[in-house]
Amino acid sequence: MGDEQQIRQAIAEFVAAYNAGDADRIASYYAEDLVKLRAGAPAEAKDDTVRRVKDVLARFQGHLEVNNDEITVAGNMAFTRAAASSSP
């Protein structure tokens with residue numbers, strides 16, 4: 001399986017974990033040194049993000065969809081550009 005296909009698969013598995021409400025599986029996709037930046041919110045470390053995701057999933061059951069617009073792989077670096085939406 002090529003790099004781009006592995007990335008697509010990882011995104012699909014993350015979406016499936018979110019839609020199943022599986023915060024522990026979602027957390028497994030975050031690096032230990034994660035710094036998550038969200039507009040209008042303070043930066044979060046992995047523990048902060050996991051705690052927030054667990055809280056959200058305990059209160060809401062949503063449905064996440066991700067449409068990958070671009071996946072670029074260059075050596076040992078990669079990035080994705082995608083549109084994500086969630087609904088109750």
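The following dialogue treats the reading of a predicted model, from its overall build to single side chains.

Q: What box do the C-alpha atoms of the chain fill, and what percentage of the residues is buried?

A: The extent is taken along the principal axes, where the C-alpha atoms fill a box of roughly 40 × 25 × 25 Å. Of the 88 residues, 19% count as buried. The accessible surface of the chain is about 6100 Å², and carbon and sulfur atoms account for 52% of that area.

Q: Which share of the contacts joins residues at least 24 apart, and where do the mean positions of the charges lie relative to each other?

A: Among contacts between residues at least 6 apart in sequence, 36% join residues at least 24 apart. As for charge, the chain carries 10 positive and 14 negative charges, and their mean positions are 5 Å apart.

Q: How is a pair of aromatic rings described, and how many such pairs does the structure hold?

A: Such a pair is described by two quantities, the distance of the ring centres and the angle of the planes. The structure holds two aromatic pairs. In one of them, F14 and Y29, the ring centres are 5.9 Å apart and the planes stand at 80°, so the pair is edge-to-face; the cut-off for that class is an angle over 60 degrees. This pair links distant parts of the chain, since F14 belongs to helix α1 (residues 3–20) and Y29 to the loop between α2 (23–27) and β1 (35–36), 15 residues apart.

Q: What are the geometry and the sequence separation of the pair that F14 forms with Y30?

A: F14 and Y30 are likewise edge-to-face, with 6.2 Å from centre to centre and 70° between the planes. Here too distant parts of the chain are linked: F14 in helix α1 and Y30 in the loop between α2 and β1 are 16 residues apart. F14, Y29 and Y30 form one aromatic cluster.

Q: Why does K46 count as buried, and which polar contacts does its side chain make?

A: K46 lies in helix α3 (residues 46–59) and is buried because its relative accessibility is 12%. The K46 side chain reaches the backbone oxygen of Y30 at 3.2 Å, and a polar contact of 2.8 Å joins it to the side chain of E32. Apart from neighbours within four places in sequence, K46 is in contact with A27, Y30, A31, E32 and L34.

Q: Which residues does T49 touch, and is T49 buried or exposed?

A: T49 is also placed in helix α3. With a relative accessible area of 0%, T49 is buried. Not counting residues up to four places away in sequence, T49 touches Y30, L34, K36 and E44. With E44 there is a polar contact between the two side chains, at 2.9 Å.

Q: What contacts does E13 make beyond its sequence neighbours?

A: E13 is found in helix α1 and is partly exposed, with a relative accessible area of 32%. Leaving aside neighbours within four places in sequence, E13 is in contact with R25 and Y29. The side chains of E13 and Y29 make a polar contact of 2.8 Å. R25 is 12 residues from E13 along the chain, with a C-alpha separation of 9.0 Å.

Q: Where does D24 lie, and which side chain does it contact?

A: D24 is part of helix α2. Its relative accessible area is 53%, so D24 is exposed. A polar contact of 3.3 Å links the side chain of D24 to that of K54. D24 and V50 are 26 residues apart in sequence, and their C-alpha atoms are 8.0 Å apart in space.

Definitions and conventions. Residues numbered from 1 in each chain as written. Heavy atoms only, no water. Buried < 20%, exposed > 50% of the residue type's maximum accessible area, 1.4 Å probe, protein only. Contact = heavy atoms within 4.5 Å. Areas by Shrake-Rupley, 256 points an atom, 1.4 Å probe, with all protein chains shown as cover. Lys, Arg positive; Asp, Glu negative; His and termini not counted. Charge placed at Lys NZ, Arg CZ, Asp CG, Glu CD. Phe/Tyr/Trp six-rings, centres within 6.5 Å; stacked < 30°, edge-to-face > 60°. Helix = DSSP H or I, 4+ residues; strand = E, 2+ residues; numbered from the N terminus. Polar contact = N/O pair within 3.5 Å; in protein donor to acceptor, adjacent residues only side chain to side chain.
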